[in-house]
Amino acid sequence: MSSIKAVAESYQLFNPRAYLQNNYVPPRADFSSEDSVMCWKLRRLHETCAKGEIKGRTLVDIGSGPTIYQLLSAFEHFQEVIMTDYLEVNRQELKMWLSNEPGAFDWSPYFKHVCKLEGKGEPWKDKQKRLREHVSRVIPVDVHQPRPLGGELLSGSVDCLVSSFCLEACSPNLEAFQKALEHVIGLLKPKGHFLWIGALEESYYLAGEARLNVVPVTEDIVKKALHTAKCVVREFSTYSMTPSMKVGVDDVSGIFFVWAQKDDPK
Ligand SMILES: Nc1ncnc2c1ncn2[C@@H]1O[C@@H](CSCCNC[C@@H]2Cc3ccc([N+](=O)[O-])cc3CN2)[C@@H](O)[C@H]1O
């Protein structure tokens, strides 16, 4: 029975570069094919944020990993974006990109694709510059702590949370997964928004030398977890991995996308 401590130890071998190569270059990030899982994720985020309901002062990305794609639509509607990850190596990877250092991962195909989705003819470099200006902090997070960001932010002070592929990938079992979700939701204001992307029925994934265990979750488990965490689901959609998306780096069978709002106890 793996514990939270065992999960933390397994992450010491996590290699951000290998992880990026496994998931964020073709075929999983193939912008020439509308069926690619990345096109689906970016379209879901674009269409949900384009409705105009998700806006406010502070957006926090929980478990950013070494990636920024998850913010490309949502960040425009907030004054401040805070990125977070458990591992220093991932926070370093993010800071490299944010300060445009040589050797940082090239997210330009993602900016080009989202600018195309937005259809405003905006030069992608303008959007890239704006995202870099919006991200105020890259800080540690531990979703297994009742206050995942420590003292960095007051509980109940965040307008919107984004989280992609984090909770299921660092929880040893469903009880820890549920608690982690409730810790994260505790950061949100009442009626605050939660944009959540995750893996369905995944039990492991590879990131270089690291082989990380994942707690397999289904659509029903995710919906029940949100209800228990006192969130109202506004949108729930799923993507089934096509054979070309199964590249041997994990056993994920599908992806879920959720737009949820935290209940207002009043
Ligand atoms: N205690 C903790 N609190 C918060 N974050 C923590 C904690 N421990 C580790 N972390 C943090 O959580 C991690 C987040 S990356 C997790 C990756 N999830 C699995 C991977 C993702 C993926 C991506 C794309 C596609 N696709 O088809 O396109 C499929 C899949 C399925 N496999 C990592 O950043 C770690 O640093």
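A residue counts as buried when its relative accessible area is under 20%. Arg-91, at 11% relative accessibility, is therefore buried. The model discussed here is predicted. A search of the whole structure finds 21 salt bridges.

**Annotated binding site**

- An unreviewed UniProt entry carries the annotation "binding site" for Tyr-19, Tyr-24, Gly-63, Ser-64, Tyr-69, Asp-85, Asn-90, Asp-142 and Val-143.
- These positions span 125 residues of sequence. They are spread in space as well, with C-alpha atoms up to 23.9 Å apart.
- The largest pocket has Tyr-19, Tyr-24, Gly-63, Ser-64, Tyr-69, Asp-85, Asn-90, Asp-142 and Val-143 from this set in its lining.

**Tyr-69**

- Tyr-69 sits in a loop. That loop runs between strand 1 (56-62) and strand 2 (78-85).
- The relative accessible area of Tyr-69 is 0%, so the residue is buried.
- Leaving aside residues up to four places away in sequence, Tyr-69 touches Tyr-24, Met-38, Lys-41, Leu-42, Trp-107, Tyr-110, Ser-164 and Phe-165.
- Tyr-24, one of these contacts, also carries the "binding site" annotation in the UniProt record.
- With Lys-41 there is also a polar contact: the side chains of Tyr-69 and Lys-41 are joined at 3.4 Å.

**Asp-142**

- Asp-142 belongs to the loop between strand 3 (135-140) and strand 4 (158-164).
- Its side chain reaches the backbone nitrogen of His-144 at 2.9 Å.
- Beyond residues up to four places away in sequence, Asp-142 touches Tyr-86 and Pro-148.

**Salt bridges within helices**

- Side chains of opposite charge can pair when their charged atoms come close.
- Arg-91 and Glu-88 form a side-chain salt bridge, at 2.9 Å from N to O.
- Both residues are in helix 4 (residues 88-98). They are three residues apart, so about one helical turn separates Arg-91 from Glu-88.
- The two ends of this pair are classed separately: Arg-91 is buried at 11%, while Glu-88 is partly exposed at 38%.
- In helix 8 (residues 219-228), Asp-220 and Lys-224 lie four residues apart, so about one helical turn separates them.
- The side chains of Asp-220 and Lys-224 meet in a salt bridge of 2.7 Å, N to O.
- Asp-220 is partly exposed, at 42% relative accessibility. Lys-224 is exposed, with a relative accessible area of 52%.

- Arg-137 pairs with Glu-152 in a salt bridge whose closest N and O atoms are 2.8 Å apart.
- This pair links distant parts of the chain, 15 residues apart. Arg-137 is in strand 3, and Glu-152 is in the loop between strand 3 and strand 4.
- Asp-142 lies in that loop too, between strand 3 (135-140) and strand 4 (158-164).
- Arg-137 is partly exposed, with a relative accessible area of 27%. Glu-152 is partly exposed as well, at 38% relative accessibility.

**A salt-bridge network**

- Salt bridges also link residues into a network. Its members are Glu-76, Glu-118, Glu-122, Lys-127 and Arg-130.

Conventions
Residues numbered from 1 in each chain as written. Predicted model: local features only at pLDDT ≥ 70, side-chain atom pairs only at ≥ 80, totals over all residues. Heavy atoms only, no water. UniProt positions renumbered as here; feature names shortened; annotations may be inferred. 1 Å grid on protein atoms, 1.4 Å probe; cavity = no way out; pocket = protein on both sides within 12 Å on 5 of 7 lines; lining within 4 Å. Helix = DSSP H or I, 4+ residues; strand = E, 2+ residues; numbered from the N terminus. Buried < 20%, exposed > 50% of the residue type's maximum accessible area, 1.4 Å probe, protein only. Contact = heavy atoms within 4.5 Å. Polar contact = N/O pair within 3.5 Å; in protein donor to acceptor, adjacent residues only side chain to side chain. Salt bridge = Lys/Arg side-chain N within 4 Å of Asp/Glu carboxyl O.
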